[in-house]
Amino acid sequence: MIAAMDINVQKVSTSKLNTMSLENLPFGKYYTDHMLEADYEDGEWKNIEIKPYQPLLLEPSTAAIHYGQAIFEGIKAYKDPAGNAFIFRPHDNYKRFNLSAERMQMPAVPEDIFMEGMRMLVDIDKNWIPSQEDHSLYIRPFMFSTDPVIGVKPSEKYKFMIILSPTGPYYNKPMRIYVEEKYTRAAPGGIGYAKAAGNYGASMLATTEAKNKGYDQVLWTDAFEHKYVQEIGTMNVFFIIGDKAYTPELTLGTILGGVTRDSSITILREMGFEVIDTERVHIDNLIEAHKAGALFEVFGTGTAATITLIQELRYKDYVMEFDTNKWRIAPELKKRLNDIRYGKTADNHGWMYKI
Ligand code: COI
């Protein structure tokens with residue numbers, strides 16, 4: 001068990017917070033005063049430290065840079081109206097982190113290092129939690145291999161770190177999405193369900209091409225037929241068709257099991273929707289529903305993205321456009337989720353972890 005005293009704490013003498021405002025922040029550009037760092041060596045985790053945010057000194061041969069044994073998580077901390085700090089569902093991200101670690105042949109991070117380290121770090125930097133609407137403290141735990149060895153094999157040494165970023169919305173307007181049918185994000189047996197750094201590196205060419213066509217992001221489709229939709233570059237996807245909500249199923253291992261996806265399924269059910277989350281979603285069914293006037297809303301869910309409305313979905317030459325100002329469901333879902341996160345309503349699910 002890691003107790004607070006096993007984590008060495010070295011604090012800054014002057015906070016950077018004195019020189020900046022926590023309003024109207026971009027996503028992921030500023031970092032708090034402190035970070036957590038721990039090393040895995042000789043089969044155990046050691047040197048667990050919270051210290052001033054600073055650059056890393058690494059060997060050019062550091063394995064992760066060459067072969068991509070690198071994973072991460074995205075979590076958010078909020079303040080309630082009384083100023084108490086909470087983290088949203090961190091245990092769920094912890095579980096997913098070690099699922100990613102296992103897939104990438106990296107050591108598991110013990111729960112007490114991950115959870116107690118995060119709790120202490122957020123507590124030390126809690127004055128950095130913004131209170132403005134759609135703002136939060138983004139928590140980025142990550143791990144990468146550090147052997148200074150360029151043979152291809154699982155590393156023997158790793159670094160686990162947590163950094164914190166006071167942050168505004170990832171997307172601040174409804175998005176235009178291009179349904180991708182040339183490139184592939186994930187196939188069964190691959191690493192689609194893992195939050196592995198390489199999944200994001202591999203997505204950038206498709207995203208750039210979509211941007212060149214005037215779109216913000218891609219909606220990935222399956223590797224074989226490019227017909228079954230998977231997820232959007234930075235978030236899971238939901239469709240409201242008639243009186244049902246659909247989100248692609250996870251069992252093929254090609255889609256990230258989002259914590260916000262799971263929370264959205266729960267809240268949509270509370271709102272009275274039948275949520276279908278155990279089936280694949282075929283693009284032709286979406287087009288058919290759109291032609292019949294039954295595809296009412298399309299939105300993304302993610303830690304960074306929260307609930308993001310989709311105003312346009314394009315598949316080949318077929319364009320589905322939506323007037324998001326008329327929508328009721330995704331905005332209501334977002335409000336209910338935010339009310340829980342910002343402590344404006346009761347947390348009946350035990351989602352908020354008090355610092
Ligand atoms: C998140 O939603 O936390 C993510 O990690 C998505 C993206 C920023 C990479």
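1. Asn24 sits in the loop that runs between β1 (8-9) and β2 (34-41). In this predicted model, its phi is near 50°, a positive value in a residue other than glycine. Most residues other than glycine have a negative phi. With a relative accessible area of 62%, Asn24 counts as exposed, because the cut-off for that class is over 50%.

2. Lys316 is a second residue with this kind of backbone angle: its phi is positive, about 50°, although it is not a glycine. Lys316 belongs to the loop between β17 (306-315) and β18 (318-321). The relative accessible area of Lys316 is 41%, so this residue is partly exposed.

3. On the overall make-up, the chain contains eight helices and 19 strands. Its C-alpha atoms fill a box of roughly 60 × 55 × 35 Å along the principal axes. The radius of gyration is 21 Å; a compact globule of 355 residues would have one near 20 Å, and the chain agrees with that. Buried residues account for 52% of the 355 residues. The accessible surface of the chain is about 15900 Å², and carbon and sulfur atoms contribute 50% of it.

4. How far apart in sequence are the residues that touch? Counting contacts in the chain between residues at least 6 apart in sequence, 72% join residues at least 24 apart.

5. The chain is divided into domain 1 (4-169) and domain 2 (175-341). Between the C-alpha centres of domain 1 and domain 2 the distance is 27 Å. To the contact between them, domain 1 supplies 20 residues and domain 2 supplies 22 residues.

6. The largest nonpolar core has 48 residues, and the members that touch the most others are Leu219, Phe239, Leu268, Leu295 and Phe299.

7. Leu295 deserves a separate look. Setting aside neighbours within four places in sequence, Leu295 is in contact with Phe239, Ile240, Ile241, Leu286, Ala289, His290, Met320 and Phe322. One of these partners, Phe239, is also listed among the core members that touch the most others. Two further partners, Leu286 and Ala289, are buried residues of helix α7.

8. Helix α7 covers residues 283-291, and its buried residues include Ile283, Leu286, Ile287 and Ala289. Viewed down the axis of α7, the buried residues fall within an arc of 160°, so they line one face of the helix. Glu288 and Lys291 are exposed and sit on the face of α7 turned away from the buried side. After α7 comes Gly293, with a positive phi near 75°.

9. Arg269 is part of helix α6 (residues 259-270). At a relative accessible area of 42%, Arg269 is partly exposed. Leaving out neighbours within four places in sequence, Arg269 is in contact with Val275 and Asp277. Lys244 is 25 residues from Arg269 in sequence, and their C-alpha atoms are 9.7 Å apart in space.

10. Gly198 is placed in helix α4 (residues 197-201). Its relative accessible area of 41% makes Gly198 partly exposed. How far apart are the C-alpha atoms of Gly198 and Gly68? They are separated by 6.4 Å, while the two residues are 130 residues apart along the chain.

11. Asp123 lies in helix α3 (residues 111-124).

Key: Residues are numbered from 1 along each chain as its sequence is written. This is a predicted model: local features need pLDDT of at least 70, side-chain atom pairs count only at pLDDT 80 or more; totals for chains, interfaces and linings use all residues. Side-chain values use heavy atoms; hydrogens and water are left out. A nonpolar core is a set of buried Ala, Val, Leu, Ile, Met, Phe, Trp, Tyr and Cys residues joined through side-chain atoms within 4.5 Å. Buried means under 20% relative accessible area, exposed over 50%, partly exposed in between (1.4 Å probe, protein chains only). Contact means heavy atoms within 4.5 Å. Helices (H or I, at least four residues) and strands (E, at least two) are DSSP runs, numbered from the N terminus. The radius of gyration is taken over C-alpha atoms; the globule rule is 2.2 Å times the number of residues to the power 0.38. Accessible areas come from the Shrake-Rupley method with a 1.4 Å probe; for residues, only the protein chains shown count as cover. The arc is that of the directions from the helix axis to the C-beta atoms. Domain bounds come from an automatic or database domain assignment.
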